Amino acid sequence: MTVTDVRPNPTVAKFVDNIRVLTYLSAAICIASSVVFAVLVGDCWSWPLFVWGLASGPLWIAATYGVYRFAGRQVLGATPPPSRFQALYPAWSAMGIPFGVFSASIGSPAPDLGLTVYAFFATILPLAFVPRLRRRQAAHSKASSCPFQGACGSACVHQGEGCP
């Protein structure tokens, strides 16, 4: 990753705008299909398993956001700009609902446990790359320029680091 990677990219912004509808539709279909599964196949209901799945989605997104902010500060030396995928966070956090419904309807913690383990590793493993990214960033950065190469615009708070 280089400092130029954090500049706003109109192509990526358009992609995120285009995929937002698809992501929200996919989340809605997953939730609806899990409810249909619970009605047709489920033979019991467990509120604790449902709440576990329900809570795991937002907790995963909160942890992902925290890791993004932490890694950004470690690698770039300043608070990173907002993630370009923040518009998708609500749909991604809703993905805990189908896992909770599946677990609750079959009375098994396996789906919730699978999501929790996956979320844990998907959140923690990227931190292993922070030292390497930090070294690469240090090799490419210039002390006289903003680490975000103007991505902050007129609202830059990195005064003294080459920002306007």
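Select helix 1 and look for its buried residues: V12, V16, T23, A27, S34 and A38. Buried means under 20% relative accessible area, with a 1.4 Å probe and protein chains only. Helices are DSSP runs (H or I, at least four residues), numbered from the N terminus. This is a predicted model, where local features need pLDDT of at least 70, side-chain atom pairs count only at pLDDT 80 or more, and totals for chains, interfaces and linings use all residues. Residues are numbered from 1 along each chain as its sequence is written, and side-chain values use heavy atoms, leaving out hydrogens and water.

The buried residues of helix 1 pack against both; contact means heavy atoms within 4.5 Å.

Zoom in on A27. At 5% relative accessibility, A27 counts as buried. A27 touches A91 and M95, leaving aside residues up to four places away in sequence. Now pick P90: its C-alpha atom is 9.6 Å from that of A27, and the two residues are 63 apart along the chain.

Move to helix 4 (residues 96–106). Its axis and that of helix 1 (residues 10–40) come within 8 Å and cross at roughly 5°. That makes the two helices roughly parallel (angles under 35 degrees). Axes are lines fitted to C-alpha atoms over the stretch in contact, with angles from 0 to 180 degrees between N-to-C directions. Select C30, I31, S34, V35, F37 and A38 on helix 1; they meet I97, P98, V101, F102, S105 and I106 on helix 4.

Finish at I19. A kink of about 35° in helix 1 is centred there, the bend being the angle between axes fitted to the seven residues ending at a residue and the seven starting there.

Technical notes:
Parallel < 35°, antiparallel > 145°, perpendicular 65-115°, else oblique. Buried < 20%, exposed > 50% of the residue type's maximum accessible area, 1.4 Å probe, protein only.
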